[in-house]
Amino acid sequence: MAAPTAWGQSAPQISSLLDETELEFEADLDLLVGIGESHAPADGPYADIVLRGATETLTEQGWRYGVEGRVRLTTGDGRRGLARPGLTGPQANGRPLAGLLTGYSSDPGLDEASSRILLEKAQVYLQTRWVKLRAGPGETAAVQEASQPLHAFRLSRAHSGPLDPTGLNMADTQLSLADGATGVSVQSQRIIGFRVSASYAPQSDPCAQHCHPAGPAVLRADLKSVWSLAASFDRRIPNSGVRWSAALGYETASASGPVSAVFDDPWLVRADLVRQAGDLTVSVSGLTGSDGYQDADYHSLGFDLTYEQGDWAYGLELGYGRSDLVQSESRSLMLGASRLVGARGVLGAGVMGVREETAGMERNSVQLLVETGLRF
């Protein structure tokens, strides 16, 4: 189970023969167990491991250059593209369509993704006095600028969680059109709290990271010319000590490939606002976009309230998601608490309820959750 940001361990630093070069390594190992009714094809427990590494060199001119990498090993449904029996959606030539933004489809035969290894980032970068340039597989500008509020858990969330043990949750305000795609980006330095970014990826497989196509059973297009623009604000008010963070991001892409004529060009707009005052953090986020088909939009909202007290973190989260492509929407609620165990361990428990409505039919799931993890 993931620790909140404030609990993160400082990364070990190993100096090379050159004093100007530093190496950093981090690892998060997490296990999630859900007890209760589940509609997910792959039942728990779920495991998730994130490995991060970076090297940085400081030049005589004060510039920095290096490499950033992140690999994820996961066993679970992966959330996106998890088609379930009962979903309805458009078809072409007798085959259901998969959303280019969400990956959702009405086909019930998508694989369970029992285990996967994902290369989420492998970028080289150059940071000057004014900008930071990146190249390689990694995040879009909208993802780079998105706020990272405090959470009681890492894997289980009412919205935007890496895993969904209920199998019904459709709320995700952190979607991207180019997860892990090879591209380039430019990011300004933060000035008076403000920062802007732009990125471009020549092409992206919309199911490379988070959704699981069922081969010829599902129609989906590839993406090309993925553009992203974003701006963010992060500043602590000196007099009150209150910290405000906000971000606004936009992504657009063109449908490509043999079946691209069936699809429209997808896009998304994402916004968030975070207020941190003392031990209390409140955040709201929202996302809207096109799933790459006529009148098939996706909308999602999230609300988080987190309170820290000593080694403990308590969280209340709400989520809402609606996919017009598969004619389904969900509402979610999660209550949880977690705490540090020793120097590197985290342990927490909570309860999450999700209600899904599809074509007038309703399904519910209530689960007791236990997350545990280690930080290195």
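View 1. Strands S2 (21–36), S17 (328–341), S18 (345–358) and S19 (361–375) each give two or more residues to the patch. Strands here are DSSP runs of E, at least two residues long, and helices are runs of H or I, at least four, numbered from the N terminus.

This is a predicted model, so local features need pLDDT of at least 70 and side-chain atom pairs pLDDT 80 or more, while totals for chains, interfaces and linings use all residues. Residues are numbered from 1 along each chain as its sequence is written, and side-chain values use heavy atoms, leaving out hydrogens and water.

View 2. Look for Leu318 in strand S16 (residues 312–323). Leucine 318 has a relative accessible area of 39%, so it counts as partly exposed (buried is under 20%, exposed over 50%, partly exposed in between, with a 1.4 Å probe and protein chains only).

**View 3. The largest nonpolar core, around valine 226.** This core has 25 residues, and Leu101, Leu177 and Val226 touch the most other members. Strands S11 (222–236) and S12 (243–256) are the elements that give two or more residues to this core. A core is a set of buried Ala, Val, Leu, Ile, Met, Phe, Trp, Tyr and Cys residues joined through side-chain atoms within 4.5 Å. Beyond four places in sequence, Val226 touches Leu177, Ala178, Ser199, Tyr200, Ala201, Ser204, Thr252 and Ala253, a contact being heavy atoms within 4.5 Å.

**View 4. Threonine 288 and its partners.** Thr288 sits in strand S14 (residues 280–290) and, at 27% relative accessibility, is partly exposed. Its side chain makes a polar contact of 2.7 Å with that of His299 (N or O atoms within 3.5 Å, one able to donate a hydrogen and the other to accept it; residues adjacent in sequence count only if both atoms are side-chain atoms).
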